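Hi there,

Here is the structure I promised to pass on to you. Have a look at it first, and then read on for my notes.

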Amino acid sequence: MTVIDLNEYAGGPNLIPTTPHPITREKIPLTLGHEFSGVIEEVGDDITDIQLGQRVSVQPIIYDGTCGACRDGLINCCDNNGFVGLSALIEPLAVAWHSVKISPLKKGDKVLVLGGGPIGLAVIQCLKAKGAETIIASEVSPRRKDFAKEFGAHHVLDPAEDDIVARVREICGGVGADVAFDAAGAQAALDQALKAIRAQGTLVNIAVWEKPAQLQMNDLVFRERKYIGVTTYVAGDFKEVLDAIASGTLQPEPMITGVIGMDEVEEKGFRALIEEKDKNVKILVKVDFCDLAFCEAEAACKFSVFVDS
């Protein structure tokens, strides 16, 4: 279950289409989610490259393949994109991996990560894998602060208690972080991050915002800072994440704090994430049997399946 799922449950529809989607032609009510994985139980007679028992992760972006962004290979920026939806660890790790790849991060950089939810924790792991010298996390939840340390953060700050800007500058030798990643999507965190990065530093926004945000443009202009947005992932990111997990470079299993059944989604899923946020990071929904009936448009849309070896 993802933050986006939770936002849709608590205050949606936000991203779920209320009018027919340009590719699938579907609209609410729809099944929540866009992160799912499984095990192959049946294989057609003419299929030779997939075997029974292999584990599968689905790259769930729906894209038309014809718009300008798609022709440039940027399926995540498709003019008509959407998600195949039912939840897994590969997808949030791919989001984080893509965010770190698209950023100007260099080996040895000092980095600030805002938010210790699934995406923020995934970013910390990817930064460690990519050679960041100093990783600073900003998070309020005690449990998630512990997770941030476990996954590789060298310093964990509490925005309710610490002066984030002053502490980041202190840790970074007085100049500020080279790069910051916003996985929180809160105005206060955005304001802090802009001031906490060094001159000509970069703030990367990963968060999906529920409300309009404000940028203090002079914090960018007079320090020549950069602010960039990233969304999901592109072709190749899933494979790179799978390879990193297989090699042990990424070890995300502790992010899973619960596994529930389909009949427990509301009470032990959504309600738990809302009312017991401090105790949970990633809750997976186990589907023992599911009869998926895709509409004709969905069956024809483009998405990718990744199988382990």
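Let me start with a question: is His 98 buried or exposed? His 98 counts as buried, because its relative accessibility is 7% (buried means under 20% relative accessible area, exposed over 50%, and partly exposed in between, with a 1.4 Å probe and protein chains only).

A word on the source before going further. This is a predicted model, in which local features need pLDDT of at least 70, side-chain atom pairs count only at pLDDT 80 or more, and totals for chains, interfaces and linings use all residues. Residues are numbered from 1 along each chain as its sequence is written, and side-chain values use heavy atoms, with hydrogens and water left out.

**Around His 98**

His 98 belongs to helix H3 (residues 90-102); helices (H or I, at least four residues) and strands (E, at least two) are DSSP runs, numbered from the N terminus. Leaving aside residues up to four places away in sequence, His 98 touches Asn 76, Thr 231, Thr 232, Tyr 233, Val 234 and Asp 237 (contact means heavy atoms within 4.5 Å). One of these, Thr 232, sits in the loop between S9 and helix H9 (237-247). Thr 232 also counts as buried, because its relative accessibility is 13%. Its phi is near 45°, a positive value in a residue other than glycine.

**The sheet**

Six strands make up an open sheet in the order S6-S5-S4-S7-S8-S9, with parallel pairing; two strands pair if DSSP finds at least two bridges between them. At the edges are strand S6 (155-157) and strand S9 (226-229), each of which pairs on one side only. From one strand to the next, the twist averages 20° (axes are lines fitted to C-alpha atoms, for helices over the stretch in contact, and angles run from 0 to 180 degrees between N-to-C directions).

Strand S8 (residues 197-205) runs parallel to S9, and four bridges join the two. Opposite Tyr 227 in S9 stands Leu 203. Strand S8 also holds Gln 200, which has a positive phi of about 65° although it is not a glycine.

**Helices H4 and H5**

What does H4 do next to H5, and where do their axes run? The axes of H4 and helix H5 (residues 142-151) come within 9 Å and cross at roughly 15°. That angle makes H4 roughly parallel to H5 (under 35 degrees counts as roughly parallel, over 145 as roughly antiparallel, 65 to 115 as roughly perpendicular and the rest as oblique). On the H4 side the contact is made by Leu 121, Ile 124, Gln 125 and Lys 128, and on the H5 side by Arg 144, Phe 147, Ala 148 and Phe 151. These residues divide into five nonpolar, one polar and two charged (Ala, Val, Leu, Ile, Met, Phe, Trp, Tyr, Cys and Pro count as nonpolar, Asp, Glu, Lys and Arg as charged, and the others, Gly among them, as polar).

**Helices H6 and H7**

Helix H6 (residues 164-171) packs with helix H7 (residues 187-196) at an angle of about 30°, their axes being 9 Å apart. H6 is therefore roughly parallel to H7. Ile 164, Val 165, Val 168 and Arg 169 in H6 meet Gln 192, Lys 195 and Ala 196 in H7. By class, this contact has four nonpolar, one polar and two charged residues.
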